[in-house]
Amino acid sequence: MFKVQREIITISEEKCTGCGDCIPNCPEGAIQVIDDKARLVSDLMCDGLGACLGHCPEGAITFELREAEPYDEYRVMGSIVKQGENTLRAHLAHLKDHGQTEFYQQALSYLRERGREVTRPGRQTQSRQPWAH
Ligand code: SF4
């Protein structure tokens, strides 16, 4: 697969205590604790927007500029769709908050192709509201 030069997170194995605080703060589900250390599961899943950065009490997560595979929204959706609606909603909100219109539309396409709808955060109604607007 071709690579591009882009900003992507790097996790210091030395500083990481494996607490897991960063995991729920990655809306792409790109981080897992493996063998007591946080690991970036795949370059394809890190969008480089840095949502996790402020959530590491050890300052173990930073950005680096390096060659990496391009971010892949379909791959991310394929992974986080298994984690339930709250995770999906957090991911969609994250994309929207960062003005990631293209990835946001790709995420909606992914859901539409599978006949799924996700309610908007904060909605109190029982009816399911698509995110398309
Ligand atoms: S929040 Fe920081 S110390 Fe905790 S698992 Fe994540 S990278 Fe490691």
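Two strands pair if DSSP finds at least two bridges between them. Helices (H or I, at least four residues) and strands (E, at least two) are DSSP runs, numbered from the N terminus. The model is predicted: local features need pLDDT of at least 70, side-chain atom pairs count only at pLDDT 80 or more, and totals for chains, interfaces and linings use all residues. Residue numbers start from 1 along each chain as its sequence is written.

**Exercise 1. Describe the pairing of β2 with β3.**

Step 1. Locate the strands. β2 spans residues 31–34 and β3 spans residues 37–40.
Step 2. Take direction and bridges. The two strands run antiparallel, joined by four bridges.
Step 3. Find the opposite residues. Gln32 faces Arg39 in β3. Val33 stands opposite Ala38.
Step 4. Inspect the turn. β2 and β3 form a hairpin with two residues between them. Asp35, in the turn, has a positive phi of about 50°.

**Exercise 2. Characterise the shell around the ligand.**

Step 1. A residue is near a molecule if its C-beta atom, placed from the backbone, lies within 6 Å of it.
Step 2. Collect residues. The ligand is surrounded by 15 residues, and the closest are Cys16, Cys19, Cys22, Ala38 and Cys56.
Step 3. Sort by class. Ala, Val, Leu, Ile, Met, Phe, Trp, Tyr, Cys and Pro count as nonpolar, Asp, Glu, Lys and Arg as charged, and the others, Gly among them, as polar. The shell has nine nonpolar, four polar and two charged residues.

**Exercise 3. Is Val76 buried or exposed? Is Gly20 buried or exposed?**

Step 1. A residue is buried if 20 or more other C-beta atoms lie within 10 Å of its own, exposed if 12 or fewer, and partly exposed in between; C-beta atoms are placed from the backbone.
Step 2. Apply them. Val76 is buried, because it has 25 C-beta neighbours inside 10 Å. Gly20 has 11 such neighbours, so Gly20 is exposed.
Step 3. Locate both. Val76 lies in helix α1. Gly20 sits in the loop between β1 and β2.
Step 4. Compare with the chain. Of its 133 residues, 25% count as buried.
Step 5. List contacts. Beyond neighbours within four places in sequence, Val76 touches Glu28, Gly29 and Met45.

**Exercise 4. Find which residues of α1 are buried, and where they pack.**

Step 1. Pick them out. In α1 (residues 73–80), Glu73, Val76, Met77 and Ile80 are buried.
Step 2. Look down the axis. These residues fall within an arc of 100°, taken over directions from the helix axis to the C-beta atoms, so they line one face.
Step 3. Recall the geometry. An α-helix has 3.6 residues a turn, so residues three or four places apart point the same way.
Step 4. Find the partners. The buried residues of α1 pack against α2 (85–97) and α3 (101–113).

Definitions and conventions
Two residues are in contact if their C-beta atoms, placed from the backbone, lie within 7 Å.
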